[in-house]
Amino acid sequence: KTRLYILRNSRLLERQMFSVLFEDAPVEMVIKAIAAYQNSDGGFGNGIEPDLLTPVSTGIGMETAFYYLDMLTHKKNCMDQVAPLLQKAREWVEHSITESGIIPFAPEDVRTYPHQVWWLNSDETRILSLAGYLAKFNMPLRQRAKRIVARFADTLAIPEVLTEYNYPLFVYA
């Protein structure tokens, strides 16, 4: 029933991921599906985050790609195959980060494309999850970007009440 539900209701990316994780399909299928969302600037957009359909690269687009790659590399030995995607992604992060340690959001065109209302809010801590994922993939930010992110992280206070939206702090830690 789960397989049929996924085949009927999900995008190619999720169908390919299901096939790799549960039906022993080759990982190249998922890598190609993820690569289809990667822009020429190295970032990810084009609806890889299903509730933000802007084609431009965003921090949440990058984080969503990293989420899929993390699931894939956790289950399969394929770091060599995903390394080119990750290298371009790291370059996008390092190029996009500001001196204050954030990746600016929201892109001007967000309102032009279908999106959920919360994507008009600030997304400042996203850089923490991106840096955490890159470190996990053994492709950490280079020194300049690493210093900027560490300085930004040092300015943040741990909230009294943690919510699901505080997860970038933990991915970074």
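This is a predicted model: local features need pLDDT of at least 70, side-chain atom pairs count only at pLDDT 80 or more; totals for chains, interfaces and linings use all residues.
Visitor: Let's start with one residue. Is Glu94 buried or exposed?
Guide: Glu94 is found in helix H5, which runs over residues 79-96. Its relative accessibility comes to 15%. Buried means under 20%, so Glu94 counts as buried.

Visitor: Which residue's side chain does the side chain of Glu94 join in a polar contact of 2.6 Å?
Guide: Leaving out residues up to four places away in sequence, Glu94 touches Leu141, Arg142, Arg144 and Ala145. From that group, the side chain joined to Glu94 by the 2.6 Å polar contact belongs to Arg142.

Visitor: Now helix H6. How many of its eleven residues are buried?
Guide: H6 spans residues 126-136 and is mostly covered. Its buried residues are Arg126, Ile127, Leu128, Ser129, Leu130, Ala131, Gly132, Tyr133 and Leu134.

Visitor: What covers the buried residues of H6?
Guide: Those buried residues include Ile127 and Leu130, and both are in contact with Val93. The cover includes helices H4 (59-75), H5, H7 (143-155) and H8 (167-172).

Visitor: Which members of the largest nonpolar core touch the most other members?
Guide: This core has 42 residues. Helices H2 (12-23), H3 (28-35), H4, H5, H6 and H7 each give two or more residues to it. Touching the most other members are Ile34, Phe66, Leu72 and Val93.

Visitor: What is Val93 in contact with, leaving aside its neighbours within four places in sequence?
Guide: Val93 is one of the core members with the most links to other members. Beyond its sequence neighbours, the contacts of Val93 are Met62, Ile103, Ile127, Leu130, Leu134 and Leu141.

Visitor: How many residues make up the other core that lies apart from it?
Guide: Among the members of this other core are Leu52, Ile60, Phe105 and Val110. The core's residue count is five.

Visitor: Which helix provides the largest share of the lining of the largest pocket?
Guide: This pocket holds about 400 Å³ of space. Of its 19 lining residues, Trp119, Asp123, Arg126, Tyr165 and Tyr167 are the closest to the centre. H4, H6 and H8 each supply at least two lining residues, but the largest share, four residues, comes from H4.

Visitor: How many charged residues line that largest pocket?
Guide: By class, the lining has nine nonpolar and four polar residues. The charged ones number six.

Visitor: And which helix gives the most to the lining of the second largest pocket?
Guide: About 170 Å³ of space lies in this one, and its lining has ten nonpolar, no polar and one charged residues. With three residues, the helix that gives the most is H8.

Notes:
Residues are numbered from 1 along each chain as its sequence is written. Side-chain values use heavy atoms; hydrogens and water are left out. Buried means under 20% relative accessible area, exposed over 50%, partly exposed in between (1.4 Å probe, protein chains only). A polar contact is a pair of N or O atoms within 3.5 Å; within protein, one must be able to donate a hydrogen and the other to accept it, and residues adjacent in sequence count only if both atoms are side-chain atoms. Contact means heavy atoms within 4.5 Å. A nonpolar core is a set of buried Ala, Val, Leu, Ile, Met, Phe, Trp, Tyr and Cys residues joined through side-chain atoms within 4.5 Å. On a 1 Å grid over the protein atoms alone, a cavity is a set of points where a 1.4 Å probe fits but cannot get out, and a pocket is an open set with protein on both sides within 12 Å along at least five of seven lines; lining residues have an atom within 4 Å of a point. Grid points are joined across faces, edges and corners, and a volume is the space filled by probe spheres set on the points. Ala, Val, Leu, Ile, Met, Phe, Trp, Tyr, Cys and Pro count as nonpolar, Asp, Glu, Lys and Arg as charged, and the others, Gly among them, as polar.
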